[in-house]
Amino acid sequence: MKSIICNGECCYLCGSTQGLERHHCLYGTANRKQADKYGLTVMLCSRCHRDNKYGVHGQNKEADLRLKRVAQITFEAKHGHEKWMKIFGRNYL
């Protein structure tokens, strides 16, 4: 499913157009499937995605939380908070 958060032409965090990769804002087996289902993905450059120091799968917990918050806000605007909690079980706001 196409992302409802970002148009996919640049890195959502830094704006780079190089080495883009799709990132599931919520991950782990069950959450990843739900993120796909509801389009809760963004494009990130490889540095913002996987770099040990700067990437959301590395040490950048602030950026990871920011993306989870954006995903929750986006989801809740369409489906509501109750459904968010039923599916994802955690409030990031």
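**Salt bridges, core and helix packing**

Analyst: Asp64 and Lys68 both sit in helix α3, 4 residues apart, about one turn of the helix. Helices (H or I, at least four residues) and strands (E, at least two) are DSSP runs, numbered from the N terminus. This is a predicted model: local features need pLDDT of at least 70, side-chain atom pairs count only at pLDDT 80 or more, and totals for chains, interfaces and linings use all residues. Residues are numbered from 1 along each chain as its sequence is written, and side-chain values use heavy atoms, with hydrogens and water left out.

User: What do the side chains of Asp64 and Lys68 form?
Analyst: They meet in a salt bridge, 2.6 Å from N to O. A salt bridge here is a side-chain nitrogen of Lys or Arg within 4 Å of a carboxyl oxygen of Asp or Glu.

User: Is Asp64 buried or exposed?
Analyst: Asp64 counts as buried at 8% relative accessibility, and Lys68 counts as buried at 10%. Buried means under 20% relative accessible area, exposed over 50%, and partly exposed in between (1.4 Å probe, protein chains only).

User: How many salt bridges are there in the whole structure?
Analyst: A search finds 3. One of them joins Arg50 and Glu21, with the closest N and O atoms 2.4 Å apart. Arg50 lies in helix α2 (residues 46-50) and Glu21 in strand β1 (residues 20-24), so this pair ties together parts that are 29 residues apart in sequence. Arg50 is partly exposed at 48%, while Glu21 counts as buried at 19%.

User: And which residue does Asp36 pair with?
Analyst: Asp36 forms a salt bridge with Arg22, and their closest N and O atoms are 2.1 Å apart. That pair links distant parts of the chain, with Asp36 in helix α1 and Arg22 in strand β1, 14 residues apart. Both are partly exposed: Asp36 at 27% relative accessibility and Arg22 at 39%.

User: What about His24, where does it lie?
Analyst: His24 lies in strand β1 and is buried, with a relative accessible area of 5%. Its side chain makes a polar contact of 3.3 Å with that of Arg32. A polar contact is a pair of N or O atoms within 3.5 Å; within protein, one must be able to donate a hydrogen and the other to accept it, and residues adjacent in sequence count only if both atoms are side-chain atoms.

User: Changing topic. How many residues does the largest nonpolar core have?
Analyst: It has 18 residues, and Leu26, Trp84 and Phe88 are among those with the most contacts inside it. The elements giving two or more residues to this core are α1 (29-38), β2 (41-45), α3 (61-79) and α4 (81-88). Of these, α3 gives the most, with 4 residues. A nonpolar core is a set of buried Ala, Val, Leu, Ile, Met, Phe, Trp, Tyr and Cys residues joined through side-chain atoms within 4.5 Å.

User: Which residues of α1 and α4 meet?
Analyst: Asn31, Gln34 and Tyr38 in α1 meet Lys83, Ile87 and Phe88 in α4. Contact means heavy atoms within 4.5 Å.

User: At what angle do the axes of α1 and α4 cross?
Analyst: They cross at roughly 145° and come within 10 Å. Axes are lines fitted to C-alpha atoms, for helices over the stretch in contact, and angles run from 0 to 180 degrees between N-to-C directions.
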